[in-house]
Amino acid sequence: METSQLARALIGFGLLLIVVGVVLLLGQKLGLGRLPGDFTLRRPGFTFHAPLATSIIVSLVLTLLLNLWARRR
């Protein structure tokens, strides 16, 4: 891999991380992670969180976006 290709890949990865971070912050304000269907089990010394509804919604949105992006190409 050429140096310029590696630099572009690292910049792209960095931008992707920034976008994911912004989406996570906005998602938290919109209530993602606390939807009906997101389960939390609390026991003394143990907490388990299973965001099932949030995972389904994120999966549907990503599937829609990726399908739209693939059709455009």
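Trainee: Which residue has a backbone nitrogen that lies 2.8 Å from a polar atom of the side chain of T54?

Mentor: This is a predicted model, in which local features need pLDDT of at least 70 and side-chain atom pairs count only at pLDDT 80 or more, while totals for chains, interfaces and linings use all residues. Residues are numbered from 1 along each chain as its sequence is written, and side-chain values use heavy atoms, with hydrogens and water left out. A polar contact is a pair of N or O atoms within 3.5 Å, one able to donate a hydrogen and the other to accept it within protein, and residues adjacent in sequence count only if both atoms are side-chain atoms. The backbone nitrogen 2.8 Å from the side chain of T54 belongs to G33.

Trainee: Why does T54 count as buried?

Mentor: T54 sits in helix α2, residues 52-72; helices (H or I, at least four residues) and strands (E, at least two) are DSSP runs numbered from the N terminus. Apart from neighbours within four places in sequence, T54 contacts (heavy atoms within 4.5 Å) L32, G33, L35 and D38. Buried means under 20% relative accessible area, exposed over 50% and partly exposed in between, with a 1.4 Å probe and protein chains only. T54 counts as buried because its relative accessibility is 11%.

Trainee: Is L62 buried or partly exposed?

Mentor: L62 also belongs to helix α2. From I11, L62 is 51 residues away in sequence and 22 Å away in space, C-alpha to C-alpha. Its relative accessibility is 46%, so L62 counts as partly exposed.

Trainee: Which helix gives the most residues to the lining of the largest pocket?

Mentor: The largest pocket holds about 480 Å³ of space, and of its 17 lining residues V20, V23, L24, V58 and L62 are the closest to its centre. A pocket is an open set of points on a 1 Å grid over the protein atoms alone where a 1.4 Å probe fits, with protein on both sides within 12 Å along at least five of seven lines; lining residues have an atom within 4 Å of a point. Helices α1 (3-30) and α2 each supply at least two lining residues. The helix that gives the most, with 9 residues, is α1.

Trainee: Which residue of β2 is the bridge partner of F39?

Mentor: Strands β1 (residues 38-43) and β2 (residues 46-51) run antiparallel, joined by 6 bridges; strands pair if DSSP finds at least two bridges between them. They form a hairpin with 2 residues between them, and G45 in the turn has a positive phi of about 80°. R42 stands opposite T47, whereas the partner of F39 is A50.

Terms used. Grid points are joined across faces, edges and corners, and a volume is the space filled by probe spheres set on the points.
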